[in-house]
Amino acid sequence: MSNPSQGSSNIRIINCTINNCYYGLRPCNWSDIIIENCKISNCQEGIHLTSCGKSEDMPSKHSPLINAVINNCIISNTNTYGIWGRGKFAYNDSTDISYLDGVVVSNCKFKNCNGSSAIYLDVCKNIRTCYNLINDSARSIWLSSCKNAVIDGNICEAITNEGVFTSLTSLVDEEYKPRSKDIKVNNNTCISCGRNGIFVQYADDFIISNNFIENCSLEDNTRNGIMVAANNGFVSDNIVRGANHSKDIYVTSGSDQVFCNNNLASIILDSSKK
């Protein structure tokens, strides 16, 4: 293989079985990757997607990972993450970012990803996580400082924390962390979550629609079916059921321009603008 800092392209990994490794697979600076029909179990991390290079290099000097498709894989019994992906960020320079671009995770099965999350993507863009089945894991889908993401048609059940969760990256100081942008969370099913079924925060321009949430807030009865702490978005046509959660849909006071229309869920707007 070529120098990893220069990257490789057009990689196909198909029909592999991988057990008892630190990383099941670790594509680094690759572009146009397909990982399909693989079984990965009993690893620290299932699939680790990242850009390589010296730690002192600026992200603009790296060739980022581009276009990674992970389809129809089974990932189980990981100590941290099922799939982990992260771009690069210049310390104290929010203008020098190398996003992982074009990450697709579809039709995969995750079980017992107990350390942190089945799918975790940090500083990524043009993301699709669709039609995955996630069971018995710490979190299902966690996006951190990502943009242009579609989370659609996933089924999450028996999750310790949230079914869908967004946050800020931990790569840089607070003042330089970019918010997530253009996030669509549609047509997902979240059943038996310890905390919120869906929690979108630190985000702008979002849609949360046509999701089914049942029996969330099992941890302490103070969480919600859907919680929003974000700006410029729509929450519509979601169904929230169960007796454990505090509120069906809760929009925090710091949210701005959030429009809600749900026929089968009660909505609490905490002094938010509508």
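Q: Which residue of strand 14 stands opposite Ile83?
A: Happy to start there: in this predicted model, Ile83 faces Ile119 of strand 14.

Q: What makes strand 9 and strand 14 a pair?
A: Pairing takes at least two bridges between two strands. Strand 9 and strand 14 (residues 117–122) are joined by five bridges, so they count as paired, and they run parallel.

Q: What joins strand 6 to strand 9?
A: Five bridges link strand 6 (residues 45–50) to strand 9, again with the strands parallel. Along this pairing, His48 stands opposite Trp84 in strand 9.

Q: How many residues of strand 9 are buried?
A: Six of the six residues in strand 9 (residues 81–86) are buried, and the strand is described as mostly covered.

Q: Why is Asn188 called buried?
A: Buried means under 20% relative accessible area. Asn188 has 1%, so the label applies. Asn188 sits in the loop between strand 21 (180–186) and strand 22 (189–193), where it touches residues including Ile151, Asn210 and Phe212.

Q: How do you know that the side chain of Asn188 makes a polar contact with the backbone nitrogen of Asn154?
A: The cut-off for such N or O pairs is 3.5 Å. A polar atom of the Asn188 side chain lies 2.9 Å from that nitrogen, and the side chain also reaches the backbone nitrogen of Gly153 at 3.3 Å.

Terms used: Residues numbered from 1 in each chain as written. Predicted model: local features only at pLDDT ≥ 70, side-chain atom pairs only at ≥ 80, totals over all residues. Heavy atoms only, no water. Helix = DSSP H or I, 4+ residues; strand = E, 2+ residues; numbered from the N terminus. Buried < 20%, exposed > 50% of the residue type's maximum accessible area, 1.4 Å probe, protein only. Polar contact = N/O pair within 3.5 Å; in protein donor to acceptor, adjacent residues only side chain to side chain. Contact = heavy atoms within 4.5 Å. Lists of a residue's contacts leave out its neighbours within four places in sequence.
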